[in-house]
Amino acid sequence: MTRMLAVFESRDALLAAIASAKRQHLAIVTALVPTHDDEVLAAVGVPVSWAGRIACVGAIIGGLAGLLFPAWTVEQWPHVTVSGKPLLSWPTFLIISFETALLCAALAGIGAFLIGTWRSRRMAGPEGTALLHAARSLISDASSALLIACPSDRAHEAAASFEAHGAIKCHVL
Amino acid sequence: MRAEAAFHRITADSVAMERWTLPGAVVYWSVLGMLAGMWSLSAAVWVYQVYHGLAVAGLTHPVMWGTYIATFVFWIGIAHSGTLMSAILFIFRAHWRASIARIAETMTIAAIMTALLFPIIHLGRPWRAYWLIPYPNQRHLWINFSSPLIWDALAIGTYFIISVLFWLLHLIPDFATLRDHGGGALRHRVFGWLAMGWTGTAHEWRWFRNTYAVLAGIIAVLVVSVHSIVSWDFSVAIVPGWHSTLFAPYFVAGAMFSGLAMILVLLIPGRELLGIQRHVTDRHLDRVAQLMLTLSLVITYSYGVEMFFAFRGADQYVHRQFLYRMNGGYAPLFWITIACNSIVPLVLFSGRARRNPSVLLGVAAIAIIGMWIERFLIVVSSLAREYDSYSWGTYRPTYIEWAIVIGSIAWFLFWFLLIVGHIPPVPIAERKEEVLRMGSQQESQA
């Protein structure tokens with residue numbers, strides 16, 4: 001399969017090209033946009049990320065760790081009390097548990113983000129990655145782009161179609 | 001194509017802002033140098049204190065917690081508003097946040113860096129600060145997890161880490177823009193490393209937005225919990241004037257109030273210095289002022305509730321403590337607090353005052369002073385008049401303490417200016433999103 005990157009100066013042209021690619025049954029790898037754009041994301045069909053679910057798992061692990069670690073340390077001094085109160089005090093450990101739950105949720109969320117974005121770039125394949133790197137200075141300014149995968153014999157047809165929708169450049173690798 | 005032209009202009013503006021030109025650079029680096037000199041002097045004073053002991057700081061029986069703890073609570077309060085405002089306004093889709101979010105978040109980071117110094121400064125033997133960290137050791141000596149001071153260390157550490165992550169995540173697409181536009185090889189390499197390979201694919205944006213929303217939700221909860229925990233340092237102690245269930249919401253409201261005031265104090269001169277007047281307009285200042293006014297009313301209500309329970313409650317010691325605050329040696333501070341936090345902010349009911357940057361700057365500066373005095377009063381007056389009259393005393397900060405407090409202001413401003421001068425002070429990608437949103441609104445209206 002050949003990777004093709006079509007660069008557009010306008011967002012409307014990108015949306016039209018995505019619709020055209022779908023009509024022609026071309027495999028859309030991803031679109032590149034200068035900012036978060038719900039309409040483009042929906043047109044490309046980007047699934048909801050796992051950030052929330054992974055953060056939840058992080059929160060559960062962090063919360064349990066924050067509860068069990070203080071309890072484990074208390075086990076080491078079974079006869080010590082503080083002003084007559086037992087050292088093993090679940091209500092006070094809950095406060096620690098709450099903070100560690102939030103900390104681990106945030107760390108898990110960021111970890112998921114880093115891995116998720118890295119995997120999404122790898123999804124483009126080595127040729128696609130080279131195309132993404134070549135176009136990124138245009139994308140981080142004002143242009144947008146569409147990355148597709150198609151059989152090499154259909155590359156010219158696809159390029160012609162994108163140019164008809166306003167593509168200013170079509171790179172093929 | 002109108003949106004794309006606006007995108008291009010935003011990129012060009014942001015890249016130009018990162019290239020300091022004369023005379024802006026001279027002013028910027030001179031201010032930084034002056035601030036560095038100020039906090040270096042304070043550091044020398046702190047070394048003197050470490051050498052001679054905490055007695056030089058005027059901390060003695062019965063007031064063992066004085067200016068340092070009050071200043072610690074003050075800076076934690078300042079730290080709370082920046083990230084909270086950014087996160088809450090994001091959750092409620094208040095799109096005007098875009099212009100001030102970056103400055104507010106950076107303020108949070110500089111303020112936590114300042115606040116974290118004070119527990120260490122307050123220690124007679126600061127080299128033992130690491131005893132707060134639970135670590136395996138030969139004697140199996142663990143810290144007391146039931147102590148509010150340990151909750152405090154954990155909560156503030158958590159808040160610092162999550163605030164930095166939230167701030168960095170927001171910066172990644174902007175770092176990618178700076179990596180790709182202008183500058184030399186070093187700049188390209190540094191911003192390239194910070195952008196972590198960002199290319200702007202639709203999948204990356206999805207991950208970015210979802211993760212940002214998750215962190216915003218976490219921060220909204222975290223901020224309330226952290227300042228509540230800071231308030232429990234006091235309220236779990238059976239000291240008259242501290243032992244109150246009101247403290248947590250009262251501290252959270254106070255923190256947000258002082259933080260908003262600090263945002264105004266930084267934004268009003270800062271927008272000139274950083275050249276972002278077009279992005280941070282009087283409309284933004286007006287909205288921050290409205291929030292500040294609302295929180296001033298909440299604080300005034302809290303003062304009222306505190307007084308009501310003190311004078312209508314059965315505890316004679318609490319009753320006596322509040323009479324002392326109003327009539328005793330610290331009474332001028334009490335009335336200054338009321339004037340600064342409850343009376344002066346009422347000026348903001350006037351729309352003209354809210355749209356006048358000079359008036360706003362004055363009100364915000366007064367509110368910041370008022371909030372510091374409020375913290376000082378809570379900490380000191382309660383300890384100075386506990387239960388038995390033989391243990392009463394008075395406390396006044398020494399020159400050593402004043403020097404360190406002033407140095408902390410210089411330290412805060414130094415880090416704030418240093419960071420904000422080297423990142424886009426207005427979020428680039430979010431401004432572009434704002435353009436898209438306004439464009440689609442105009443289309444739907446047409």
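What follows is a short chat about a predicted model of a complex.

Visitor: Before we start, what pLDDT do local features need here?
Guide: Residues count from 1 along each chain as its sequence is written, and chains are lettered from A, with ligands numbered from 1, in the order in which they are written. Since you're looking at a predicted model, side-chain atom pairs count only at pLDDT 80 or more, totals for chains, interfaces and linings use all residues, and local features need at least 70.

Visitor: Which element of chain A gives the most to the side that touches chain B?
Guide: Residues are in contact if their C-beta atoms, placed from the backbone, lie within 7 Å; that takes 53 residues from chain A and 50 from chain B. Elements giving two or more residues on the chain A side include strand 2 (27-32) and helix 2 (38-44). With 20 residues, the top giver is helix 4 of chain A.

Visitor: At what angle do helix 3 and helix 4 of chain A pack?
Guide: Axes are lines fitted to C-alpha atoms, for helices over the stretch in contact, with angles from 0 to 180 degrees between N-to-C directions. For helix 3 (residues 51-75) and helix 4 (residues 90-122) of chain A, the axes are 6 Å apart and the angle is about 145 degrees.

Visitor: Which peptide bond is cis?
Guide: Most peptide bonds are trans. In the loop between helix 2 (24-52) and helix 3 (67-91) of chain B you'll find B:P62. The cis bond, with omega near 0 degrees, runs from B:H61 to B:P62.

Visitor: And what phi does A:H25 have?
Guide: A:H25 sits in the loop between helix 1 (11-23) and strand 2 of chain A. Although A:H25 isn't a glycine, its phi is positive, about 55 degrees.

Technical notes. Helix = DSSP H or I, 4+ residues; strand = E, 2+ residues; numbered from the N terminus. Contact = placed C-beta atoms within 7 Å.
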